[in-house]
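Here is a short briefing on helix packing and the nonpolar core. Keep the structure open while reading.

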Amino acid sequence: MDAYLQITSVIGVYVAGVVFVAGMALRVYQWVTTPKSPVALGMFPKPATRTGRIVKMLKDTLIAPQSAQIEPRMWLFAMAFHVAALAAFVGHLRLVQEFPILPGILGEEGMNSFAGWAGGIAGVLMMVAVLYWLARRTFGPFKQLSVPEDYLLLALLLGIIIMGNHMRFVGHVHAETYREWFQSLLLFRPAIPTEIANSNVGWSLGTHMLFVNLFLIYFPFSKLVHTIGSFSANLVRSE
């Protein structure tokens, strides 16, 4: 177990971080150095002001009203996934630093209970959404349009979520212990707390991080990188 955690939750994290940052830097460089089209690419109706264009860009990127009109069911699952993923990301910030206000209001037990419920709901919503996308590409008409990369990305996401849910619903390790591990990585003094290594979630943390590392390594070179470039793309559409 110790060797598995060292590989997936220490060495793998550093490798994935370096590849992700370098890959995204390359992507940004490619976007910045791409010659701008001499032809206006905006789509009607176009806002008349810069503020209007920015507002339209944010609405098209964050709400995607066109997708809601074309395929409402897919849009609903996508919105549920993204809102839940955002909530999970915010919750994971506790690994860096405990929130300064909520523990004082809720108390330690109340904070742990709130985090447990919020994280559990987010995990279930994300899992349902990914399973829906997987079924949509496997059994529906979109199967003909699906490529191996689609299934690979969904498999990585599903692995991350399932292992995260296992730690949430089955594990008994508190956030403070996970924070101790993560902060040791940030300080470049990596250490796996004994409580994690000897717990019933040691293997699920390792597997969770294995999927996370693979996802981060592949992300800059996958189609999911559009989540970063969609802001500038939607701004161009309104110019």
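In this predicted model, helix 6 and helix 9 have axes that come within 8 Å and cross at roughly 150°. An angle over 145 degrees counts as roughly antiparallel, so helix 6 is roughly antiparallel to helix 9.

**Helix 6 with helix 9**
- Helix 6 passes helix 9 in a left-handed crossing.
- On helix 6, the contact residues include L152, L153, L156, I160, M163 and M167.
- On helix 9, they include W203, L205, F211, V212, F215 and Y218.
- The residues of this contact divide into 15 nonpolar, six polar and one charged.

**Helix 1 with helix 9**
- Helix 1 packs on helix 9 at an angle of about 20°, with the axes 9 Å apart.
- The angle is under 35 degrees, so helix 1 is roughly parallel to helix 9.
- Helix 1 passes helix 9 in a left-handed crossing.
- Helix 1 contributes Y4, L5, G12, V13, A16 and F20, among others.
- Helix 9 contributes residues including G202, W203, L205, G206, M209 and L210.
- This contact has 13 nonpolar residues, seven polar and no charged.

**Nonpolar core**
- The largest nonpolar core holds 36 residues.
- F81, V130, W133, Y178, I196 and L205 touch the most other members.
- Helices 1, 4, 5, 6, 7, 8 and 9 each supply at least two residues of this core.
- Helix 6 gives the most, with seven residues.
- V130 touches F81, L154, L157, L158 and I161, leaving aside residues up to four places away in sequence.

Notes: Residues are numbered from 1 along each chain as its sequence is written. This is a predicted model: local features need pLDDT of at least 70, side-chain atom pairs count only at pLDDT 80 or more; totals for chains, interfaces and linings use all residues. Side-chain values use heavy atoms; hydrogens and water are left out. A nonpolar core is a set of buried Ala, Val, Leu, Ile, Met, Phe, Trp, Tyr and Cys residues joined through side-chain atoms within 4.5 Å. Buried means under 20% relative accessible area, exposed over 50%, partly exposed in between (1.4 Å probe, protein chains only). Helices (H or I, at least four residues) and strands (E, at least two) are DSSP runs, numbered from the N terminus. Contact means heavy atoms within 4.5 Å. Axes are lines fitted to C-alpha atoms, for helices over the stretch in contact, and angles run from 0 to 180 degrees between N-to-C directions. Angles under 35 degrees count as roughly parallel, over 145 as roughly antiparallel, 65 to 115 as roughly perpendicular and the rest as oblique. A crossing is left-handed if the near helix is turned anticlockwise from the far one by less than a right angle, and right-handed if clockwise. Ala, Val, Leu, Ile, Met, Phe, Trp, Tyr, Cys and Pro count as nonpolar, Asp, Glu, Lys and Arg as charged, and the others, Gly among them, as polar.
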